[in-house]
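Please look over the chain below.

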Amino acid sequence: MIADRRVPRADPADTTDRMSSGNAEADYILGGGFPANSINIIMGHPGSGKTVFAEQLIFENAADDRPILYFTTLSEPLAKVVRYLQGFSFFDEEKLGTQVMYEDIGPQLAQEGASALLPLMRTAIETMSPKIIVIDSFKAVHDLSPTIAERRRMVYEMTALLTAFGTTAFLLGEYTEDDILTYPEFAVADGIVELSRRRLGNRDERYFRVYKLRGSRYLEGAHAFRITDSGLDIYPRLVSPRMPEGYELASERVSTGVPSIDEMLDGGIWRGATTLLAGPSGAGKTTFGLQFAIEGARQGEPSLYMNFQENPSQLVRTIRNLGVDPDEVRAQGLDLVYASPVELQIDSIIVDMFRRIQQRRVRRVVIDALGDLASAATDPQRLHDYLYALVQHFAVSTITSVLNFETNGNTIGGHGFQNAMSYLSDNVLLFTVEGEERTRRTLRVLKTRGSAHDPRIREFEISSAGLNILP
């Protein structure tokens, strides 16, 4: 089983009551959920997902013990909020009006100003004793206060009121990072969560980040998410695994599926090692990757082939051309997965990969190709961190991996992404293609760790039997 990508966040000494956000991945990032009886700010630009997140939370926590109150202010009208709410699977009409209550206080705020908020809250708390109050948007109320002194007084009195009645509050607002240092509500907030959205070409990328959560060991950094019919689908950021005590490298070699290449590698690849296959298009990287994965399945080692170039139908045809029955090798444990890096973020691809590895107890992984995976990452540093953590997880879990990388020519550059991947890999194999009258393919082992590899440049052929080194 692969090392759990989630760093354990639970603190045995933490006896704080937690409130679920309604999203298991968000709860993990938050260290177990939001502390009960806390004041939390959910910030972000319009359309970033604040309202959806808050509504998913309240319907998750709705019960017969104490009601939940959702105030809409001067942002979206109540009718519009409820209409869009009905499109999500977490919406439960039977809870509306009894366990979950919506109230539009926009007209009173528009007429009386920010001073109308506290009397409305006090009346609601004293009559209904809600366990959760959501104010959407609190920043709209804040902006109605004419002076800084009045804003601070309103926030102070609101905090005292909520604390006295044991009510958990969520204040939504179109805040920016700069507002954290200037607005008084951030000083009293126990938790600050940001939902952000940025445009990338023809798609939007959304991120979930915890700035502050008192008494919690939350997972730092930006975590990608999507808005779906079920609410927020969050992909926690991949972090490096903790090395177990007494951890040692595996002392067993596994076959690549190509005996002549096993000989070049001094008997095969160390179990748990990462091998980088570099070379131009048509050099044979995909063929070798398939042979490696098929050999694993035949040896009783479930294998995952993550592909970003050819869909499963095309790969099945390639497998048949190798003289292998696709249905048979799938039954033996080969999992062919296609994902489009154009439509998905690297976060979602990595999370899906880990789920498959854990569910199928995968022992071999092929990623074809790293360049396509890189196109799903907008930040080069984020890509490097992901790949570093990924390789470390494979090593700790003794999962043997092959990573394909397409070069522009017959060499590996000495800088940038290619150099970083060479550094992260245990083995580096360089494939080349040349020749005018006849295509000539060669293979050279540039690097191995702990092996007396064959340093010669060897010519190979690709036939119906697959890839094979020539005498």
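Arg361 sits in the loop between helix H13 (346–360) and strand E17. Helices (H or I, at least four residues) and strands (E, at least two) are DSSP runs, numbered from the N terminus. Arg361 is not a glycine, yet its phi is positive, at about 55°. It counts as exposed, at 54% relative accessibility. The cut-offs are under 20% relative accessible area for buried, over 50% for exposed, and partly exposed in between (1.4 Å probe, protein chains only).

Thr398 is another non-glycine residue with a positive phi, near 50°. Its loop runs between helix H15 (380–396) and strand E18 (400–406). Thr398 is partly exposed, at 23% relative accessibility. Most residues other than glycine have a negative phi, and most peptide bonds are trans.

## Basis of the model

This is a predicted model, in which local features need pLDDT of at least 70 and side-chain atom pairs count only at pLDDT 80 or more, while totals for chains, interfaces and linings use all residues. Residues are numbered from 1 along each chain as its sequence is written, and side-chain values use heavy atoms, with hydrogens and water left out.

## Cis peptide bonds

The bond from Asp136 to Ser137 is cis, with omega near 10°. Ser137 lies in the loop between strand E6 (132–136) and helix H6 (138–142).

The bond from Asp368 to Ala369 is also cis, with omega near 10°. Ala369 belongs to the loop between strand E17 (364–368) and helix H14 (370–374).

## Asn23

Is Asn23 buried or exposed? It is buried, with a relative accessible area of 7%. Asn23 is placed in the loop between strand E1 (18–19) and helix H1 (24–29).

The Asn23 side chain makes polar contacts with backbone nitrogens. One of its polar atoms lies 3.0 Å from the backbone nitrogen of Glu25. The side chain also reaches the backbone nitrogen of Ala26, at 2.9 Å. A polar contact is a pair of N or O atoms within 3.5 Å; within protein, one must be able to donate a hydrogen and the other to accept it, and residues adjacent in sequence count only if both atoms are side-chain atoms. Beyond its neighbours within four places in sequence, Asn23 is in contact (heavy atoms within 4.5 Å) with Gln56, Leu232, Asp233 and Ile234.

## Helices H10 and H11

Helix H10 (residues 285–298) packs against helix H11 (residues 312–321) at an angle of about 80°, and their axes are 11 Å apart. That makes H10 roughly perpendicular to H11. Angles of 65 to 115 degrees count as roughly perpendicular. Axes are lines fitted to C-alpha atoms, for helices over the stretch in contact, and angles run from 0 to 180 degrees between N-to-C directions.

From H10, Thr286, Leu290 and Ile294 meet Leu315, Thr318 and Ile319 of H11. The residues of this contact divide into 4 nonpolar, 2 polar and no charged.

## The whole chain

The chain has 16 helices and 22 strands. Its C-alpha atoms fill a box of roughly 90 × 45 × 40 Å, taken along the principal axes. Of its 471 residues, 54% are buried.

Among contacts between residues at least 6 apart in sequence, 71% join residues at least 24 apart.

Key
Angles under 35 degrees count as roughly parallel, over 145 as roughly antiparallel, 65 to 115 as roughly perpendicular and the rest as oblique. Ala, Val, Leu, Ile, Met, Phe, Trp, Tyr, Cys and Pro count as nonpolar, Asp, Glu, Lys and Arg as charged, and the others, Gly among them, as polar.
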